[in-house]
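Let's take a friendly walk through a protein model together. Please have a look at the sequence and the structure before reading on.

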Amino acid sequence: MMLAANMFVGPEIDWFKISPFLVMLGGVLLLILAGSLTPQWKKGAYGVVGAITAAGTAVITALLWRDLGDGAPSSLLANALTFSKFTLFATFSIAIATLLAILLTSGFLVREDEDGPEIFALILCAAIGGMVMVQANDLIVMFLGLETLSLAFYLLTASSRSRSASGEAGLKYFVLGGFASAFFLYGVALVFGATGSTNIDAIAASLSKDIVLGGSSAMLLAGIALLLVGFGFKVSLVPFHTWTADVYQGAPTPITALMGSVGKTAAFVALLRVFSDALSSRSDDWRPVVVVLAILTLVVGSVLAVVQTDVKRMLAYSSISHAGFILVGLVAAGQVASADAGLGTSGTLSYLFIYSILVIGTLGIVTIVAGKGDNETSLNAFKGLGKSNPVLAMGMTVLLLAQAGVPLTSGFVAKFGIIRAAVSTESYVLAVVAMLAAVIAAFLYLRIMVSMWLSEGTTSRDISVAFSTRLAIGLCVGATVVLGFFPSLLLQFTNQL
Amino acid sequence: MSIPILTLLVLVPLVGALVASLLAKSNESIVKIVALASSITTGLLSVWMLIKFPTGSAGFEFVSKHSWVSEWGISWHLGVDGISLFLVVLTGILFPLVIVGIDPHHDHKQYLVWMLVLEAGVMGSFLSLDLFLFFVFFEIVLVPMYFLIGKWGYDQRIYAATKFFIYTMAGSAFMLVGIVATAFLARRDIGHLSFDLIEIAEKSNFSTSTGRWLFVGFVIAFAVKVPLFPLHTWLPDAHTQAPTGGSVILAGVLLKMGTYGMLRFGVYLFPEAAVWSKPVLLTLAVIGIIYGAIAATMQKDLKRLVAYSSVAHLGFIVLGTFALTNQAITGGVMQMVNHGISTGALFLMVGMIYERRHTRVIAELKGIQSVAPIFAGFFMLIMLSSIGLPGLNGFVGEFLILIGSFPTARWWVVAATTGVILAALYLLWAYQRVFHGEPDEANKSFAEITKREAMLLSVFVAAIVFTGVYPKPMLNRIEPSVKSLLEHVESRSNYKQPEIKAGE
């Protein structure tokens, strides 16, 4: 570690520790510069560059994790970033999700004849934004990450040239996302006003001494509320969820997968950092609100998911329901008086990691079924898939059962981690509500399975799938099953968080 | 003791399912052979286990324990005692019979794969001694059963399958929270986080109200599974719409996971709460007995009639369980097995009637006895065992339940006894309408029982008669475990069994 540091370190910057960002950035520059200066590359070559970049980031993050050992958290770049197992794990999740999403996108773009470097550069930009968000130790830095992520998402959402729904969704997302960013920034300003700092550690220290500038906590509470609204939009909590279904449906399907994985992970980890680290001494103020939001999100998300007829919309609402589940983990993490609050943190991160893989796999299969033009996403398009393409249908079934939280899939491990956290901090009612919401949501997954296996197909479609798409889905399904049977493979890492 | 027989009981069908699923669809006969081989091997293993099981042992035998998810204190912990012994054997024998005897008509490969997965899940549920592991098996059973009903069932199959899945999963939601809470609350007494059933039951010391809450969480899940009134509404639909094989398994072993769970997890983990909840659960059980019987009387569909009779019979088992006396619980355990045999066989025969006539409506069947006397004879015998005629298996369990419950639950028993009479009413009446009289045009060509069907049913009949005439070997193996369970209850609560001389 010291050796490596001596070799790479300049006077102030620990280059090796920020190398995940540098690798990603290198990939972006390569794609944009080389991509624009050279004639069209071979089919799928841009995707390979993007995938290698993301994989490289994941490997470097894993090396950093190994080097860190049992080391204490430290900060980088003049206290702008945090460097700890927690942030490394989140970075790793984002890198893996990015890798899988790029594999999907690559096959998708080739099929749609829209292959080019821009999309991959934007995906990597989004990943950088997400990584900044999860590592940020300062609310302003976090905001920079958030904007990088969001701007890339707006463009990616609108990137399909053949579907008008895509442009519409991008515009909608942009306008509402802008509002949310404003809320977030206003919240940062008010918290700064109340504590005198935007640094997460400094805010926590100031609040734990119970010092509120100006003598009244009204400004602080308003700041917390605005931050919650901003985050609530980004992770789509009810009642800030209305954009989700339209954007999920309108965006090109692999981009939906990216939003559901990278976007959600980044925003949730940032939310966790702000609320359970910076504002932990005020958890008595925000926990009741978050409990209400969690229950609303769980119930409304599940119920609305059930009545949809478009699979992408269904998955959008189911992602809302999942967000409610993750929020239960945040509630547990905010129970600072309990010795088991850490279970909330590790449960949330495991959930995000597992859910990212599930959502990418599921939407990967939706991408295939949607066919050229990316239009066939209604429930009817899945009819008879079990007959015409049993392997694909089986993969989808595994992923859907995992989303429903059936044992021996990774989804159960994720749910169990959250329930464990909730129960250990004595939030029994919340745990029961979360499980019941999962039952309602299970109905939705059953509907898709009924379509695939138990309904006669309307058309027999000829499905040809690019290798990269197949690889991505195979990895997702494999991970879902393996982690379901051997949860220790993941838990040995998340338990250290 | 060198071979891990219990682990094999779970793994053999699972491996069979895996192998079968990898074979090509066109290789139907090979798939069948694989399915048969693995299920028969499982059956033989279970019988071998029964032979090796030491009579008089009260504790868990053939225990195998390995760490699984060490981070969470979860282990692969299997064991069998007198309470689970015969359920495991019943599972081991019933599955090969169903696989041999019942034709799913289409998609044989998928059907057999799901059957084997189901078998592994059921076996695991009866053998698990780890709360987490139990939940995994308990819940995973839903998936194969969902597909069996949804794909091979009758007209309303998707509705029924979905209802079954959602109902059971909703019940399990409470249990999962209960399981996690149990483990976390027991951590203080044990010293570390553990999901081990025995460790928690022996070492934990829940406060009265905590124990009651946890008990309620567990019992909701089991009450849905049993099903206990008023959570029973999924059962008639699931049974009626399921293919014959699914019905036989559902009635034969799946429902027992609920009553077994009540004993193994409800009573064993939370003795005080079990005593406390007695009035409520007994009342629900008795309502179930009478309501199930009345509803069965009213049914026009033969299969629905048998389904409602299940509600009534399982009411008896719950009555025996929560009467909390040696005899009543022993009778309850016996009745779990007996009901599996009798009702499983009844569903089998209703399936045979449907194969021949493509209807199960009682009014459309008439005078079958005169055209198919042997068929009618088999039906008669099985039906009488379901009614509880002395000399057949149903009587032994029911009688033990009633006599054992009388000292502790007198008025409930008095009410439940009317259920015995009603059972005779609805079954005999159904028999009369279906088998007696002159056959009309449609029923004239009702085919007599085939050799294959007769052989299949003979296994059931042999079990029915043997247990009815000579129940002692079974009782001898069940009783010690029940006794030690009740001693555990008495030592953990202020409940004392009334002194009665047990008639051997």
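The report below goes from the contact between chains to single residues.

This is a predicted model, in which local features need pLDDT of at least 70 and side-chain atom pairs count only at pLDDT 80 or more, while totals for chains, interfaces and linings use all residues. Residues are numbered from 1 along each chain as its sequence is written, chains are lettered from A and ligands are numbered from 1 in the order in which they are written.

**Where the chains meet**

Two residues are in contact if their C-beta atoms, placed from the backbone, lie within 7 Å. By that rule, 26 residues from chain A and 24 residues from chain B take part in the contact. On the side of chain A that touches chain B, helix 17 (410-424), helix 18 (428-454) and helix 20 (488-494) of chain A each supply at least two residues. Helix 18 of chain A gives the most to this side, with 13 residues. Helices (H or I, at least four residues) and strands (E, at least two) are DSSP runs, numbered from the N terminus.

What classes of residue make up the side of chain A that touches chain B? There are 21 nonpolar, four polar and one charged. Here Ala, Val, Leu, Ile, Met, Phe, Trp, Tyr, Cys and Pro count as nonpolar, Asp, Glu, Lys and Arg as charged, and the others, Gly among them, as polar.

A:Ile419 has contacts in both chains: leaving aside neighbours within four places in sequence, they are A:Ala431, A:Ala434, A:Met435, B:Leu176, B:Val177 and B:Val180.

**Two helices side by side**

In chain A, the axes of helix 8 (residues 200-208) and helix 11 (residues 253-278) come within 9 Å and cross at roughly 30 degrees. Axes are lines fitted to C-alpha atoms, for helices over the stretch in contact, and angles run from 0 to 180 degrees between N-to-C directions. Helix 8 of chain A is therefore roughly parallel to helix 11 of chain A; angles under 35 degrees count as roughly parallel, over 145 as roughly antiparallel, 65 to 115 as roughly perpendicular and the rest as oblique. A:Ile200, A:Ile203 and A:Ala204 of helix 8 meet A:Arg273, A:Asp277 and A:Ala278 of helix 11.

**A hairpin in chain B**

Strand 1 (residues 61-69) and strand 2 (residues 74-80) of chain B pair in the antiparallel sense over six bridges; two strands pair if DSSP finds at least two bridges between them. B:Leu78 in strand 2 of chain B is the bridge partner of B:Ser64. Four residues lie between the strands of this hairpin, and B:Gly73 in the turn has a positive phi of about 65 degrees.

**Buried or partly exposed**

A residue is buried if 20 or more other C-beta atoms lie within 10 Å of its own, exposed if 12 or fewer, and partly exposed in between, with C-beta atoms placed from the backbone. In helix 11 (residues 244-254) of chain B, eleven of its eleven residues are buried. B:Phe395, in helix 18 (residues 393-405) of chain B, is buried because 20 other C-beta atoms lie within 10 Å.

B:Phe62 sits in strand 1 of chain B and is partly exposed, with 19 C-beta neighbours inside 10 Å. Phi of B:Phe62 is positive, near 55 degrees, although this residue is not glycine.

| Cis peptide bond | Omega |
|---|---|
| A:Val238 to A:Pro239 | near 5 degrees |
| B:Val226 to B:Pro227 | about -5 degrees |

A:Pro239 is in the loop between helix 9 (218-234) and helix 10 (242-250) of chain A. B:Pro227 is in the loop between helix 9 (208-225) and helix 10 (234-241) of chain B.
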